[in-house]
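I opened this entry to record what I looked up in one structure, item by item. The sequence and the model come first, my notes after.

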Amino acid sequence: LYITDPKVSASYALDILADPADGSAVVLDHDTQLPVSTGKEGWIFVLRDHVLYGSQKVTAPSSSAAGSPDNNCTSKPRQRFHHSTFFGGKAVASAGIFLTNEQGRLTDLWPHSGHYRPGEAHMQRALFFLQQQGVDLSTFDVDMQQIFKVSRKKAPKDKIKHEENESATENVHMEQNGLEKTLLSKKA
């Protein structure tokens, strides 16, 4: 599924509000201004033209519309939805996965996308965008595995290959220190 109508793409827009108390990012649905709670799997995002877009990733058609911008769960089937869906595969400034808590506070940022293959430049642009919104970059974790070129942990040979629901996000290389993130955002 590719979205080609700009009005439909705009329905996935998100806003970032920096909490004045601690500088943490609160992710809000652009239309409703309600906080976005992604759950433990997170939502996919793309950054294009200084706007953040996000949704739940759907890898197989389902009968639920969970993750739609209005967060209503209906019986309407939902098509596959990937990073490239937002803009029909066109270029974006950044792509990945973000996680928020129940209050919509950004907790994790992962540069993971099979289509866009984000690297250092993508992460620089995402962090710079957040910093421009007034977000303190030390208030959330970032997977720096691809940026630092750290290999993923290999499973022991006696471990069953790909246990139930095991994904690449289980072996992330998280960094909490804001120094690396600040340096990356300055390079953008």
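Predicted model: local features only at pLDDT ≥ 70, side-chain atom pairs only at ≥ 80, totals over all residues.

**Entry 1**

I read local features only where pLDDT is at least 70.

I began with β3, residues 43–48. I asked how many of the six residues of β3 are buried. Five of them are, so β3 is largely enclosed by the rest of the structure.

I then looked up the pairing of β3. With β5, residues 94–100, β3 pairs in the antiparallel sense over five bridges. As a residue pair between them I wrote down L47, whose bridge partner in β5 is S94.

The pairing of β3 with β4, residues 51–55, is antiparallel too, over five bridges. Here I noted V46, which stands opposite Y53 in β4. β3 and β4 form a hairpin with two residues between the strands.

I followed β5 to its pairing with β6. The two strands run antiparallel and are joined by four bridges. In this pairing I97 has W110 of β6 as its bridge partner. β5 and β6 also make a hairpin, with five residues between them. In that turn I found G104 with a positive phi of about 85°.

Is β6 mostly covered or mostly uncovered? I found it mostly covered, with four of its five residues buried.

Next I checked β6 against β7, residues 141–143. These strands run parallel and are joined by two bridges. L109 is the residue I noted here, standing opposite V142 in β7.

**Entry 1. The nonpolar cores**

I looked up the largest nonpolar core and found 23 residues in it. The residues with the most contacts inside this core are I16, F98, L109, L130 and F140. At least two core residues come from each of β1 (13–18), β2 (25–29), β3 (43–48), β6 (106–110) and α2 (120–132). Which element supplies the largest share of this core? I found that α2 does, with five residues.

I took I16 as a case to follow. Apart from its neighbours within four places in sequence, I16 is in contact with A25, V26, V27, L52, F129, L130, Q133 and V135.

I also found a second, separate core of 15 residues. Among its members are V58, F86, V92 and L99.

**Entry 2. The cavity**

I searched for cavities of 30 Å³ or more and found one. The space in the largest cavity is about 80 Å³.

Which residues line the largest cavity? I listed I16, V27, F45, L47, L52, F98, L106, L109, A126, F129 and L130. Two or more lining residues come from each of β3, β6 and α2. The largest share of the lining is from α2, with three residues. As for residue type, I counted 11 nonpolar, no polar and no charged.

I went back to the loop between β3 and β4 to check backbone angles. Most residues other than glycine have a negative phi.

D49 lies in this loop. Its phi is positive, about 50°, although D49 is not a glycine.

**Entry 3. V8**

Last I looked up V8, which is found in helix α1, residues 6–10. V8 has a relative accessible area of 36%, so I put it down as partly exposed.

I also checked V8 against F86. The two are 78 residues apart along the chain, and their C-alpha atoms are separated by 8.6 Å.

Conventions. Residues numbered from 1 in each chain as written. Heavy atoms only, no water. Buried < 20%, exposed > 50% of the residue type's maximum accessible area, 1.4 Å probe, protein only. Core = buried A, V, L, I, M, F, W, Y, C linked by side-chain atoms within 4.5 Å. Contact = heavy atoms within 4.5 Å. Pairing = 2+ DSSP bridges. 1 Å grid on protein atoms, 1.4 Å probe; cavity = no way out; pocket = protein on both sides within 12 Å on 5 of 7 lines; lining within 4 Å. Points joined across faces, edges and corners; volume = space filled by probe spheres on them. Nonpolar A, V, L, I, M, F, W, Y, C, P; charged D, E, K, R; others polar.
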